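Grab a pencil and work through these exercises with the model open beside you. Try each task before you read its solution.

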Amino acid sequence: MIGPDVAGIAERLGLAADTATAIGQLAAETGLDVDAAYVVQAALLQRRLDRGERLVGLKMGLTSRAKMAQVGVDEVIWGRLTDVMRVPDGGTVDTGAYIHPRVEPEVAFLLDRLPEPDEPVGDFTDAVRAVAPAIELIDSRYADFTFSLPDVVADNTSAAAFVVGPWSPVPDGLENLGVLLEIDGRVAQVGSTAAILGDPRRALDEGIRLAGRHGVRLREGWLFLAGAATAAVPLRPGAHVRAVVEKLGTASLRAAS
């Protein structure tokens with residue numbers, strides 16, 4: 001049996017992102033399953049690397065019940081981050097470069113050493129050099145932000161851009177810190193780091209395990225976005241976004257008018 005056209009699917013998704021043009025879902029049409037979708041995701045990354053981008057870390061997706069409910073998918077997933085996706089803390093993004101951008105508050109880890117596959121959460125805390133508040137800007141390339149599990153995996157888990165706030169040592173109580181997402185100074189979402197698989201460190205454990213299935217091992221110096229603590233909020237032109245994580249501080253971005 002002939003499998004899905006990995007290169008062709010990656011090209012369609014990459015072109016959709018480059019031109020900010022929504023496309024229809026691909027999995028049903030192409031016979032894409034989750035394993036093949038991760039192969040497409042790798043091809044999509046290679047497309048970026050070929051034009052000079054660098055892989056700088058991984059991200060988790062759908063690590064909270066709020067996000068699962070919001071997009072109608074019920075399995076934790078992972079994707080790749082490149083240097084071009086990073087926006088400076090307090091920086092500005094152009095909403096016109098995206099199809100239907102949304103923002104969500106997250107926790108970021110900076111890895112100090114290479115965690116071992118299946119290393120228990122309690123043992124790999126020294127693998128994390130620092131932790132920071134973060135914002136992820138997600139932008140599904142599919143029309144109406146609607147997709148199946150293989151679709152979103154192939155689309156690099158809707159990754160588009162991210163902001164990381166100031167780094168600090170891992171605080172006590174990381175498993176239950178208060179989280180706010182503010183838009184133009186008003187609270188848009190309230191949550192807790194407990195929404196991230198019960199403890200953001202469990203998201204790192206899952207990331208190591210799931211990425212390892214596909215031959216990807218996390219590296220020293222990489223960033224790791226643990227997943228959203230709340231549902232995502234649409235990003236409007238001119239909006240100022242701030243994520244506040246108890247004990248960690250804030251991260252922010254502004255959308256150009």
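Contact here means heavy atoms within 4.5 Å. The model is predicted, so local features need pLDDT of at least 70 and side-chain atom pairs count only at pLDDT 80 or more, while totals for chains, interfaces and linings use all residues. Residues are numbered from 1 along each chain as its sequence is written, and side-chain values use heavy atoms, with hydrogens and water left out.

**Exercise 1.** Find what Leu13 is in contact with, leaving aside neighbours within four places in sequence.

*Solution.* Step one: look around Leu13, and you'll meet Ile23, Leu26, Val40, Leu44, Arg141, Tyr142, Ala154 and Asp155.

**Exercise 2.** Work out how strand β7 pairs with β8 and β11.

*Solution.* Strands are DSSP runs of E, at least two residues, numbered from the N terminus, and two strands pair if DSSP finds at least two bridges between them. First, β7 (residues 178-183) and β8 (residues 186-192) are antiparallel, with six bridges; Val179 has Gly191 as its bridge partner in β8. Next, check the hairpin: two residues sit between these strands, and Asp184 has a positive phi near 55°. Finally, β7 also runs antiparallel to β11 (residues 240-245), over five bridges, where Ile183 partners Val241.

Methods. Helix = DSSP H or I, 4+ residues; strand = E, 2+ residues; numbered from the N terminus.
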